Amino acid sequence: MDFILYGVGRWLHIASGVLWVGLLWYFNFVQVPGLKAAGADGTAPGITKHIAPRALELFRWAALSTWLLGAMILGSKLPAALLFQDKAYYPIGIGAWLGTIMFLNVWGLIWPNQKKVLNLYQYAQNPVADAEKNKARRTAFLASRINTMLSIPMLFFMVASGGLFRRAMFGG
Amino acid sequence: MKNPLDSIPGTIICGLILTVVLYYVVLLAR
C-alpha cells in the first residue's frame, strides 16, 4: 500500500503536475505572445482551432488529476495540512493551498471563459458576442497569469516539503 | 499603475516576491 501511495502515487502526482504546469507555462510564455503575432498576419485560426483546444483539454484534466493525486498522498493528513495543525505541515500546507487555488482557477475561471473564447462545447453552435468574448479572454488571461505567478511559490513549497529538503529549508 | 501580470517579467517577479514572503512567514511561524 505504501508503495502505491508514496511510490506510484507521488510519481504520478509529479508527472501530472509537470503536464499541468508545463502547459500553463506554454500558454503564458509561448501561446499568448504567439497568438498576438499570429493575429497580426492572419494565421491565428490554425492555433485557436487545432492547438489551443487540445492543450486546454490536457491542461484541465492534468489539473484535476494532480490535485486528486496530491490529496491521495496526503490522505488522512490532508485536513491537518490545510488547517496548519502541526508545524511540520506548514510548508506542505502552503504548497497544497497554492495548488488548490490554482486548481480552482483552472476549473472555475480559465476553462469556462476559454470555452467562450474558443467556441467550445456548448458555444460551438452558439458563439457569444464579441464584447462578451473579449471580457472572457481578459478574465481567463488574468487567471492564467495569476496561476503562473502562484506556480513559482507552489513549486518551491512542494519540493521543499519532503523529508531532508524540509529540514534543510525550514529546520527541525 | 500598470498591472504587473500583463508582462511576463512582472509575473515572474511577483511570483518570486511571494515565494520569499511565504518562506519567511513559514520560517517565523515555526
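Predicted model: local features only at pLDDT ≥ 70, side-chain atom pairs only at ≥ 80, totals over all residues.
**Where chain B meets chain A**

Which residues make the contact? From helix 5 of chain A come A:Arg145, A:Thr148, A:Met149, A:Ile152, A:Pro153 and A:Phe156. Helix 1 of chain B brings B:Thr11, B:Ile12, B:Cys14, B:Gly15, B:Leu16, B:Leu18, B:Thr19 and B:Leu22. Sort the residues of this helix-to-helix contact by class and you get 9 nonpolar, 4 polar and 1 charged.

Now take chain B by itself. You'll find 1 helix and 0 strands in chain B. Its C-alpha atoms fill a box of roughly 35 × 15 × 5 Å along the principal axes. Chain B has 30 residues, and 13% of them count as buried.

Next, step back to the whole meeting of the two chains. Here 16 residues of chain A are in contact with 14 residues of chain B. On the chain A side, helix 1 (2-41), helix 4 (90-118) and helix 5 each supply at least two residues. Which helix of chain A gives the most to that side? Helix 5 does, with 8 residues. By class, the side of chain A that touches chain B has 11 nonpolar, 3 polar and 2 charged residues.

Key
Residues numbered from 1 in each chain as written. Chains lettered and ligands numbered in written order. Contact = placed C-beta atoms within 7 Å. Helix = DSSP H or I, 4+ residues; strand = E, 2+ residues; numbered from the N terminus. Nonpolar A, V, L, I, M, F, W, Y, C, P; charged D, E, K, R; others polar. Buried ≥ 20, exposed ≤ 12 C-beta atoms within 10 Å, placed from the backbone.
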